[in-house]
Amino acid sequence: MNASKNGKTDAAVSRPVLNFHVSPEGRDTWSGCKPQPDAAGRDGPFATPERARDAVRAIRLSGGLPPGGLAVSFHGGVYERSASFVLGPEDSGTPACPIVYRAHPGEDVRWSGGREIAGFRRVENPEILRRLDPAARGAVWQAELKSQGITSFGSLSPRGFGRPTQPAALELFFRDQPMTLARWPNRGFVSIASVPGPQGDWSAGGSKEGKFSYSGDRPKRWSRLDDVWLHGYWCYDWADTYEKVKTLDTAAREIHTVEPHGAYGYRSGQRFYFLNLLEELDEPGEWYLDRESGVLYFWPPGEIAGGRAVVSVLEQPLIVLENASHVAVEGLTLECGRGCGVRIQSGEENRIIGCTLRNFGNEAVVIRDGRRHAVAGCDITGTGDGGVRLSGGDRKTLEPGAHVVHNNHIHHFARWCRCYFTAVLAEGVGHRISNNLIHDAPHCAILFGGNEHLIEFNEIFSVCQETGDVGAIYTGRDYTWRGNVIRHNFIHHTGGVGMGSNAVYLDDCVSGHTLFGNIFYRTPRAAFIGGGRDTLVANNLFVECDPAVWVDGRGTDPHPVWQDMVYKTMKERLDAVNYRQPPYSTRYPRLADLNRYFEEKKGVPPEGNVIIRNVCIGGTWLKTGWRVTPEILDIRDNVVDADPRWVDAANGDFQLRAGSPAEKMGFQRIPVECIGLFRDESRRGRELVHSHLELVRTSPPDGGGRTASLMRLILRNVGDLPASGEMEMNVEPGGAASLSGCGRLSFSLRPGEATTHEMTLTGASGIFLLYAHAVAGTVRPSLVQAVIEWAVTRLGALKDPGEVAGALAPVAGRAVAFEDAILAELRFAVAGECLALHARVFDRQRVQSPKPWEGSCIELFGSIQESRAIGQVFLLPRTPQEPARALRQSGDRQVPAEGIRLETSDVPGGYEMRALVPLTLLAVTPACGRFLLEAAVSAAPCAERSFLRGTLFGSTSAYNNTSRYGRVVLTSGT
């Protein structure tokens, strides 16, 4: 924690000279001038914020505010709110005389939009016990809400992507943590088995009939289906919604939902889960509310008497500032509302400083218009939607709104709406998002649109955990959103499913940005320019990213989706700001270059992008595709895979020592000491734990090819506050290895303290990725690979694929699985100058798709350790409609592969494949003694499951991630 950072906070704590006091022990008939009731009980603090507000109004009317301003100090306790606290223009301060609503120093002040509930007793009703899972009987408690005056429960609603924001229904919080509405499965998702009717290609969405089928018989346990809901990513991994079940046919295993049916319809294979089911209240932390009786059922994650249980009640914001100016809210804990915490509409220079905002159904703070508002030094967590949403400034004149989101800790947000509800969402012109610590979220960290925003000195990790085609920092689809600067951020350990994630995602031709001096560490893709123009990527440090920089040319794609985007959506947005006239024509003169492309209507290429003086260590440096080649880019003076001379990479210090080769290229020092949270008057400190995983040693393979690797996890509290939490170890691929000694652990560390834990990873030869991440607490995650080289036999040349099965019969098979489904068993050998493959694939509905990875397919990837080239081939089995085919990847297309000899045959439940693939098609030199190999299998192993995709070694992005391929060592055959 640094004492000072890169400039002032724009949000210093105020020091007013006049105080009113409010206390749970106060009375509104008293003067409010005393912090405590006097001995006679005749005077003391006020009881409500409204009475204090009225006292402030009276002072303003009687003679004006005192020099230095005026404060309302709240004393310790819980203030349960049944309505918003509203401040208007008549409640404004001035720049010299602000009005501050604050917690009294050293006291815990909570404004709650919920009600604490009592009267819990164990469930004894035989009918309820019958419906509960046997494991839950005796562990579930109940409380009657109606008898405690809580009669408005709200209702679940079809919220999510593309739908209006609505207050959440009643929620339960215990020990200040959100509890889980009873669901199945408890974690993760199940898949849509099939859908009726056509699904269309990727651009057309899914089935629009509002029905789909599921696998298994779990729903037969459920006795009431009148208020069952589903949450899912129904068509795309970046669009989630909640859907109510209209009918559920357990015999046909079919669900029909209430309209609207997902944002884009339903597609087989997509993810969802069920929620709001008493029968699924089957583990600690889950709850269910019977809305007819008003009885709440709860399995507490600890002693029920040892924690405070609160249900959310208030649907309006806790605090509303409507056209007020120069008002500050400082040091309060705002919590447990169904809506948002604070809403600021218009006005100037209002500040939310040093507050804790948690457990809201929507966002923590919403700022609409106005100028120079600030959210600084706050802790924001547990929100159903996002953290801070702000808009302001004039996009036609480019006058800035100048709002600031600074030095906040925002984490574990987007509990309800998972996509595009972010830690910070900024719209308009000229906002600053700086020094925030953002982590643990399903989708984006920072989402922005507009012009001349400054995003700097933020640390972001463990985001994009549940979604795909997503960026930790994201914007897209407007040529006029220019002048934005993303600099000196540290983005690391991002997740992603399906199409994966990017650290900075400039999507859909957005242009004119600057990425300068950022550190990208272990992100699937780091700087992604998705068809855009005039972007500068300079002086960044890329460490183990795959790739560091990605540029495509989607704006030239003739597909109607992209042509409509460029010539309709983007053109309309250009014209809306009158880009041919000042200020756009003078401030962004490169916009004029678009004119000829709009006249020619042949697409808009990604010209003007400059990639200069960057450092890339490990991973992959550059990838271009989708109708673009590196020649269109200005790429120069970058340092790739030279010795970087780190200060302390093992502990996350990627500062470069003197003498680094990057210095010769003019690389400027990145001020890493200024990144992230820091101590000031609004923030008393930070809680941050570093984790470090290391491979200590590995035993030789035993007779069964299994090895034991000793792994070590070190946790070190680098913050200045005590830190506690829980860590979880995940192994990929999960079915091929087991972990003993430390699968899940709790920690409690004083500042500067460290602890060490050892564990053993046991599995067959191959690649195992061990990932340490926090279930609770603020921990920088870490991962390590345990790599065991894989011996593959070298045989003499084979002339025909018919010889493959016999030649490979002595070779041990390797399974490819997805979740609980075994997709294939593969055998490999090198035969002369070919890779010989014998596969048994469990695939009952063989389909050849225009996109081979979306149908029945075995996909092979090859490379050499010293090379950046990747060979990629597709082996497609025969179907009743099509013969077997072999394709290879050529640029961004698949073309027939010459030289591959391939045959398939039908077997019960699937097919066999025998193939001879020239090693040169896998970017492998036939004479080499070792190389890298990965295989992916796409198949539908049973009629109830859609196409699944698994990989041999667990490469999550096999097409560009050679660090996860198997290390093949060739041995002589017998």
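**Entry 1**

I start with the cut-off I need: a residue counts as buried when its relative accessible area is under 20%. My notes are on a predicted model. With that cut-off in hand I looked up Asp237, which has a relative accessible area of 17% and is therefore buried.

Its salt-bridge partner came next. Asp237 pairs with Arg271, and the closest N and O atoms of the two are 3.1 Å apart. I checked where each one sits: Arg271 is in strand S19 (residues 271–275), while Asp237 is in the loop between strand S16 (229–233) and strand S17 (241–249), so this pair ties together parts that are 34 residues apart in sequence. Arg271 is buried too, at a relative accessible area of 15%.

**Entry 1: other salt bridges**

How many salt bridges does the structure hold? I found a count of 69. A reminder to myself: side chains of opposite charge can pair when their charged atoms come close.

I picked out Asp54 and Arg57, which form a salt bridge with their closest N and O atoms 3.8 Å apart. Both are in helix H1 (residues 49–62), and they are 3 residues apart, about one turn of the helix. I noted Asp54 as partly exposed, with a relative accessible area of 34%. Arg57 is partly exposed as well, and its relative accessible area is 22%.

Then I went to Asp906 and Arg846, whose side chains meet in a salt bridge at 2.8 Å, N to O. Asp906 belongs to strand S76 (residues 901–907) and Arg846 to the loop between strand S71 (834–842) and strand S72 (857–863), so here the pair ties together parts that are 60 residues apart in sequence. Asp906 has 48% relative accessibility, so I put it down as partly exposed.

**Entry 2: a buried glutamate**

I turned to Glu456, found in strand S40 (residues 454–456). Is this residue buried or exposed? Its relative accessibility is 4%, so Glu456 counts as buried. Which side chain does Glu456 contact? I traced a polar contact of 2.8 Å from the Glu456 side chain to that of Arg487.

**Entry 3: strands and sheets**

For background, strands of a sheet pair through backbone hydrogen bonds, either parallel or antiparallel.

Next I looked at strand S29 (residues 365–368), which runs parallel to strand S26 (residues 342–345), with 4 bridges joining them. On this pairing, Gln345 has Arg368 in S29 as its bridge partner. S29 is also joined to strand S32 (residues 388–394), again running parallel, by 4 bridges. I marked Ile367 as standing opposite Leu390 in S32.

**Entry 4: cysteines**

How many disulfides are there? My count came to 0. I looked at Cys97, which is in no disulfide: the nearest cysteine sulfur belongs to Cys33 and is 18 Å away. Cys97 has 12% relative accessibility, so it counts as buried.

Cys464 was my other stop. Its closest cysteine sulfur is in Cys444, 6.1 Å away, which is too far for a bond because a disulfide needs the sulfur atoms within 2.5 Å. With a relative accessibility of 0%, Cys464 counts as buried.

Last, I looked for cavities. The count is 3 cavities of 30 Å³ or more, and the largest cavity holds about 50 Å³ of space. Which residues line the largest cavity? I listed Ser155, Leu156, Ser157, Arg159, Pro167, Ala168, Ala169, Tyr242 and Trp416.

Technical notes
Residues are numbered from 1 along each chain as its sequence is written. This is a predicted model: local features need pLDDT of at least 70, side-chain atom pairs count only at pLDDT 80 or more; totals for chains, interfaces and linings use all residues. Side-chain values use heavy atoms; hydrogens and water are left out. Helices (H or I, at least four residues) and strands (E, at least two) are DSSP runs, numbered from the N terminus. Buried means under 20% relative accessible area, exposed over 50%, partly exposed in between (1.4 Å probe, protein chains only). A polar contact is a pair of N or O atoms within 3.5 Å; within protein, one must be able to donate a hydrogen and the other to accept it, and residues adjacent in sequence count only if both atoms are side-chain atoms. A salt bridge is a side-chain nitrogen of Lys or Arg within 4 Å of a carboxyl oxygen of Asp or Glu. On a 1 Å grid over the protein atoms alone, a cavity is a set of points where a 1.4 Å probe fits but cannot get out, and a pocket is an open set with protein on both sides within 12 Å along at least five of seven lines; lining residues have an atom within 4 Å of a point. Grid points are joined across faces, edges and corners, and a volume is the space filled by probe spheres set on the points. Two strands pair if DSSP finds at least two bridges between them.
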